[in-house]
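The following exercises concern a single protein chain and are to be worked with the sequence and the coordinates at hand. Each task is followed by a solution in steps.

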Amino acid sequence: MNAQSLEARFADGCEQALNEAVALYGQPLLRYCHHILCDYHDAQDAVQTTFIKAYDNHKRFQPGTSLSAWLYRIAYTTCVDMLRRRRLQLMSPPPAAVDPDYIGEDVRRALNTLTPEQRALVYSRVIEQRSFDALAVIYGKPAATLRKRYERARKKLAQALAGTPAERRKPDEQSHTG
């Protein structure tokens, strides 16, 4: 698959190009959305919605720009919209044996202390190893801004995983002081 050819055909509204984009970007977007939403089934819905929005708005896509970045941008805003609409709280994940991308409960709790943007940045940097320049294209913000936000998110996540912030303690631990 030639990326430029795919981008040009996608911009023209070619249904086969959509199928190729789903085959190429579907799984990476699913993992990305899963780490933002912390729910596998919601992530599946987000990816489906992303591709529907992308296809419906194919005329807005400019050939020569990154189709990947454009799809990630749509996926990110879709996830944020889902979180806003549903006020999503952590939901039980699918069993680990069924889902290879299972997020353990401790990591899930720690990730929930981050904003959706922070979760997206951490996932993009750590799992997908994207550069800050690539993230700048996806989020439409300067690389330096994203670098600083990532560092803050990483520190917040480390604190949550270490259990140092007071909000990480269980309510019954806080009530039994002394």
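## Exercise 1: Overall organisation

Task: Determine what share of the contacts with a separation of 6 or more links residues 24 or more positions apart, and describe the secondary structure of the chain.

Solution. In this predicted model, residues 24 or more positions apart account for 63% of the contacts in the protein chain with a separation of 6 or more. The chain holds 9 helices and 0 strands, and from the N terminus on its elements run α-α-α-α-α-α-α-α-α. Of its 178 residues, 42% are buried. The chain exposes about 10,100 Å², of which carbon and sulfur atoms supply 50%.

## Exercise 2: The nonpolar core

Task: Identify which residues touch the most other members of the largest nonpolar core, and state which helix gives the most to this core.

Solution. The largest nonpolar core has 51 residues, and Phe-10, Tyr-32, Leu-67 and Tyr-139 touch the most other members. Helices H1, H2, H3, H4, H5, H6, H7 and H8 each supply at least two residues of this core. H4 (67-86) gives the most, with 12 residues. Next, take Tyr-139 and set aside its neighbours within four places in sequence: Tyr-139 is then in contact with Tyr-32, Arg-73, Tyr-76, Ala-120, Leu-121, Ser-124 and Leu-146. In soluble globular proteins, nonpolar side chains tend to be buried together.

## Exercise 3: The buried side of H1

Task: List which residues of H1 are buried, and explain how they are arranged around the axis.

Solution. The buried residues in H1 are Leu-6, Glu-7, Phe-10 and Ala-11. They lie on the same side of H1, because they cover an arc of only 130 degrees around the axis. An α-helix has 3.6 residues a turn, so residues three or four places apart point the same way. Just after H1, Gly-13 takes a positive phi of about 85 degrees.

## Exercise 4: Salt bridges

Task: State how many salt bridges a search of the whole structure finds, and examine those of Glu-117 with Lys-141 and with Arg-149, then that of Asp-81 with Lys-53.

Solution. The search finds 8 salt bridges. Glu-117 is buried, at a relative accessible area of 13%. In its salt bridge with Lys-141 the closest N and O atoms are 2.8 Å apart; Lys-141 is in the loop between H7 and H8 and Glu-117 in helix H6, 24 residues apart. In the salt bridge of Glu-117 with Arg-149 the corresponding distance is 3.2 Å. Because Glu-117 lies in helix H6 and Arg-149 in helix H8, this pair ties together parts 32 residues apart in sequence. Salt bridges that share partners also join Lys-53, Asp-81 and Arg-84 into one network.

Methods. Residues numbered from 1 in each chain as written. Predicted model: local features only at pLDDT ≥ 70, side-chain atom pairs only at ≥ 80, totals over all residues. Heavy atoms only, no water. Core = buried A, V, L, I, M, F, W, Y, C linked by side-chain atoms within 4.5 Å. Buried < 20%, exposed > 50% of the residue type's maximum accessible area, 1.4 Å probe, protein only. Helix = DSSP H or I, 4+ residues; strand = E, 2+ residues; numbered from the N terminus. Contact = heavy atoms within 4.5 Å. Areas by Shrake-Rupley, 256 points an atom, 1.4 Å probe, with all protein chains shown as cover. Arc of directions from axis to C-beta. Salt bridge = Lys/Arg side-chain N within 4 Å of Asp/Glu carboxyl O.
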